[in-house]
Amino acid sequence: MLGAIEAGGTKFVCAVGDEHGRIKDSIKIPTTIPEETMAGVIEFFKQYDIESIGIGSFGPIDVNQESETYGYIASTPKLAWRNYPFVQALEESFGVPVGFNTDVNAAALGEAILGAAKGLDSCLYITVGTGIGAGAVVNGKLLQGLSHPEMGHIIVRRHPEDTYKGKCPYHADCLEGLAAGPAIEERWGKKGVSLVKRNEVWDLEGYYIAQALMQYILILSPKKIILGGGVMNQTQVFTSIYKYLPELLKDYVALPELSSYIVSPGLGDRAGITGSLLLANQALTEKE
């Protein structure tokens, strides 16, 4: 029995299941302050005889196992969670191995092993929602260096007609600042779900995401790109991406048919929690 946590900015999804991604039970807990949210998390897992726990968390987080603050949530805008010892809290409560990574890396792992990139040794998973983040599997392993990737904060070229200043509190008009859900709402004055029929909204979204994908393709050369998150429920964004990406690349690299190369998650909205189960299984295997 494995435990899994997909820790998001608005809710924690907790589940118990197995290494094949099969979920036996799950619960959603609001993300408030650590004392409240974690009390619900611990109460849920106490019902089961779990052997390990996997966490896919909002970030930034410290994933360097040599660091004194490994397992901590770092400089998150959610101030109550800043410097919270996430891994240590669960180790103290359950005494089991804990796997720890970003929510997008967990989703990338889930999609690589059991989802849209199953059978491939590389893929890129990108979520476009409240924020923009990405996780990558390279040569069968999650990409990690000094820290985890922060691909949502790359700089993109501004559209000539876009005068919006950008929403990112750190960089203003980085990718996240121009293309995440809050940027769409602030630029157009309505939430994305109320802008479904405004083609110019989604054409601009695809314009920025295509630029990001060009950079990721040139640097990582993933065998599959998976786009998830609430914004990507507007499937017309895919059409815009398929239009702009070839214009940007200009045949510099050969790509597969875009409709089968850049796709929605094979696991749907369960990519993150499934990947967290796989992180739990990895932590258990490493212990053995």
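What follows is a walk through the chain, from its overall build to single residues.

This is a predicted model, in which local features need pLDDT of at least 70, side-chain atom pairs count only at pLDDT 80 or more, and totals for chains, interfaces and linings use all residues. Residues are numbered from 1 along each chain as its sequence is written, and side-chain values use heavy atoms, with hydrogens and water left out.

Start with the whole chain. Its secondary structure comes to nine helices and 10 strands. Along the principal axes, the C-alpha atoms fill a box of roughly 55 × 40 × 35 Å.

Next, burial and contacts. Of the 288 residues, 51% are buried. Buried means under 20% relative accessible area, exposed over 50%, and partly exposed in between, with a 1.4 Å probe and protein chains only. Take the contacts between residues at least 6 apart in sequence: 63% of them join residues at least 24 apart. A contact means heavy atoms within 4.5 Å.

Now the surface. The accessible surface comes to about 13700 Å², and 51% of it belongs to carbon and sulfur atoms. Areas come from the Shrake-Rupley method with a 1.4 Å probe; for residues, only the protein chains shown count as cover. The chain carries 24 positive and 33 negative side chains, and the centres of the two sets lie 7 Å apart. Lys and Arg count as positive, Asp and Glu as negative, while His and the chain ends are not counted. Each charge is placed at NZ of Lys, CZ of Arg, CG of Asp or CD of Glu.

The backbone has some points to check. Most residues other than glycine have a negative phi, and most peptide bonds are trans. The bond from Gly 59 to Pro 60 is cis, with omega near 0°. Pro 60 sits in the loop between β4 (52–57) and α2 (86–94). Asn 83 lies in the loop between β4 and α2 too. Its phi is near 65°, a positive value in a residue other than glycine. Asn 83 counts as exposed, at 53% relative accessibility. Asn 139 also has a positive phi, of about 50°. It belongs to the loop between β7 (132–138) and β8 (141–142). With a relative accessible area of 65%, Asn 139 is exposed.

Return to the β4–α2 loop for Trp 81. Here the side of interest is the interior: Trp 81 is buried, with a relative accessible area of 0%. Leaving aside neighbours within four places in sequence, its contacts include Phe 12, Thr 31, Ile 33, Met 38, Phe 58 and Ile 73. Ile 33 is 48 residues away along the chain, yet the C-alpha atoms of Trp 81 and Ile 33 are separated by 6.9 Å.

Strand β7 holds Ala 136. It is buried, at a relative accessible area of 1%. Beyond four places in sequence, Ala 136 touches, among others, Asn 105, Ala 108, Cys 123, Leu 143, Met 151 and Leu 220. Its C-alpha is 9.4 Å from that of Ala 107, 29 residues apart along the chain.

Tyr 164 is in the loop between β8 and α4 (175–179). At 8% relative accessibility, Tyr 164 counts as buried.

Ser 240 lies in α7 (residues 236–249) and counts as buried, at 4% relative accessibility. Neighbours within four places aside, its contacts are Trp 202, Asp 203, Gly 206 and Tyr 207. Helix α9 (residues 271–287) has 17 residues and reaches 24 Å from its first C-alpha to its last, close to the 24 Å expected at 1.5 Å a residue. The expected span is 1.5 Å times one less than the number of residues. α9 is mostly covered, with 12 of its 17 residues buried. Among them are Ile 273, Leu 277, Ala 280 and Leu 284.

Technical notes
Helix = DSSP H or I, 4+ residues; strand = E, 2+ residues; numbered from the N terminus.
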